[in-house]
Amino acid sequence: MALQSAFLEILRLPTIVEVLGELMMFITPLWIGVIVGVFVGWAWKPKWASLVGRDLLDCPISKQKESSSSSSQSSSTCFGSIPGLSSLKFQLTSCIPWPADDRNPEDALSLPPTTNPDFSTSKIERESSGYVNNEDLQHICQLVEEKDGGPAWIHMMDRSTAAMRCQAWRRDPETGPPQYRSSTIYEDCTPELLRDFFWDDEFRAKWDDMLVHASTLEECPTTGTMLVHWVRKFPFFCSDREYLIGRRIWESGRTYYCVTKGVPSSAVPRREKPKRVDLYYSSWCIRAVESKRGDGQLTACEILLYHHEDMGIPWEIAKFGVRQGMWGTVKKIEPGLRAYQKERASKAPLSRCAYMAQINTKVSADYLRSVENSTSDSMAVEKSDKSDSSEKPEGKTIPKILLIGGAIALACSLDRGLLTKAVIFGVARRFAKIGRRF
């Protein structure tokens with residue numbers, strides 16, 4: 001009754017200016033309370049655990065001077081760029097920073113690569129060592145064949161244009177961030193061109209408006225393994241994010257298994273800004289498929305993408321952003337691909353990254369079948385860990401009380417009608433049920 005009386009008194013004011021002024025004074029404290037509550041909720045997020053470094057590499061590593069590319073275009077959609085899907089563009093800033101190092105902030109994007117130990121004494125290359133190894137090949141093969149033992153995929157999207165079709169799925173593991181899978185088919189494209197396109201960081205700056213900086217820190221001329229440094233920008237209140245990515249390609253016939261993931265390295269010291277993303281996985285399988293024209297020709301190309309990362313924000317917010325902005329971002333990739341086709345057709349010289357994309361580890365179909373059907377010890381340990389812990393880490397979801405409180409403030413401040421209140425409370429309840437899928 002008191003709330004209704006206050007509104008009636010405001011509405012009885014003689015001029016519209018006075019009414020609006022009183023409404024703003026009435027609503028502002030409510031929204032300040034909601035915003036403070038949300039930020040307090042984010043502050044409960046635990047700090048990331050440091051990853052354990054690896055000491056051995058696949059082969060002698062040759063250092064490269066930084067070949068950086070930058071883009072100052074603004075971002076407007078979410079879910080990053082396939083297959084960097086890197087990124088969930090609808091993100092908000094994290095509240096727990098990393099300790100700053102002693103470097104000058106102006107040198108943040110121009111750090112020279114550090115010198116690795118001399119590996120020339122070891123002439124035997126072992127598949128089990130290095131940034132990206134045989135276990136990673138096994139994992140992506142099991143993902144492609146849906147034999148990784150994870151939860152079922154939930155279909156999210158099926159959209160198409162004249163020369164492209166994209167389907168997407170999501171699943172929520174018991175621990176860790178949401179995982180995404182997509183199948184995108186491009187007409188009149190070869191697997192080799194698509195492989196080079198997504199590996200070429202220099203050309204990526206022309207179509208990926210999230211990429212601020214990209215440089216190659218290390219590379220192996222024998223296996224094609226690379227260590228790259230990325231900095232990506234995000235809209236709204238989310239600060240830039242930094243990635244140290246190990247990547248490698250395996251080839252079986254004209255099918256390519258491309259693995260990129262976050263790896264520990266001292267090549268770039270950790271800084272307060274940009275915030276480093278340690279848990280990052282974005283890998284894909286590229287293969288020729290039949291064209292939708294139905295002529296029986298393998299003139300189309302499919303890319304199966306598997307992506308997840310932990311940027312330190314509530315996962316429910318990330319899922320909402322991905323769901324809303326996925327198609328808009330996917331549509332923006334095709335023009336970049338077609339421009340890349342024209343550039344390659346003009347016999348333009350290859351960039352260093354595109355050249356490295358052509359250094360692949362060849363594997364037989366029989367070997368891949370054995371890999372797909374095998375179960376590694378690490379997967380057994382993972383399943384054991386999942387059985388011991390059935391709850392997601394604290395702080396990765398939005399506290400229910402904050403969502404309900406925000407809904408109350410919104411319902412009371414926007415409209416007095418029952419229909420508006422019902423819609424707002426329905427949305428809040430949907431987000432508050434953390435374990436429930438969209």
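User: Is Phe-198 buried or exposed?
Analyst: This is a predicted model, where local features need pLDDT of at least 70, side-chain atom pairs count only at pLDDT 80 or more, and totals for chains, interfaces and linings use all residues. Residues are numbered from 1 along each chain as its sequence is written, and side-chain values use heavy atoms, leaving out hydrogens and water. Buried means under 20% relative accessible area, exposed over 50%, partly exposed in between (1.4 Å probe, protein chains only). Phe-198 has 1% relative accessibility, so Phe-198 is buried.

User: How are the rings of Phe-198 and Trp-284 arranged?
Analyst: Rings of Phe, Tyr and Trp (its six-membered ring) pair if their centres lie within 6.5 Å; planes under 30 degrees apart are stacked, over 60 edge-to-face, the rest tilted. Here the centres are 6.1 Å apart and the planes at 65°, so the pair of Phe-198 and Trp-284 is edge-to-face.

User: How many residues apart are Phe-198 and Trp-284?
Analyst: Helices (H or I, at least four residues) and strands (E, at least two) are DSSP runs, numbered from the N terminus. Phe-198 is in helix α4 and Trp-284 in strand β10 (residues 280-289). The pair links distant parts of the chain, and the separation is 86 residues.

User: What is the distance from Arg-195 to the ring centre of Tyr-256?
Analyst: A charge sits over a ring if NZ of Lys or CZ of Arg is within 6 Å of the ring centre and within 35 degrees of the ring normal. The charged end of Arg-195 sits over the Tyr-256 ring, and its distance from the centre is 4.8 Å.

User: Which ring does Arg-181 lie over?
Analyst: Arg-181 is 4.4 Å from the ring centre. The face belongs to Trp-169.
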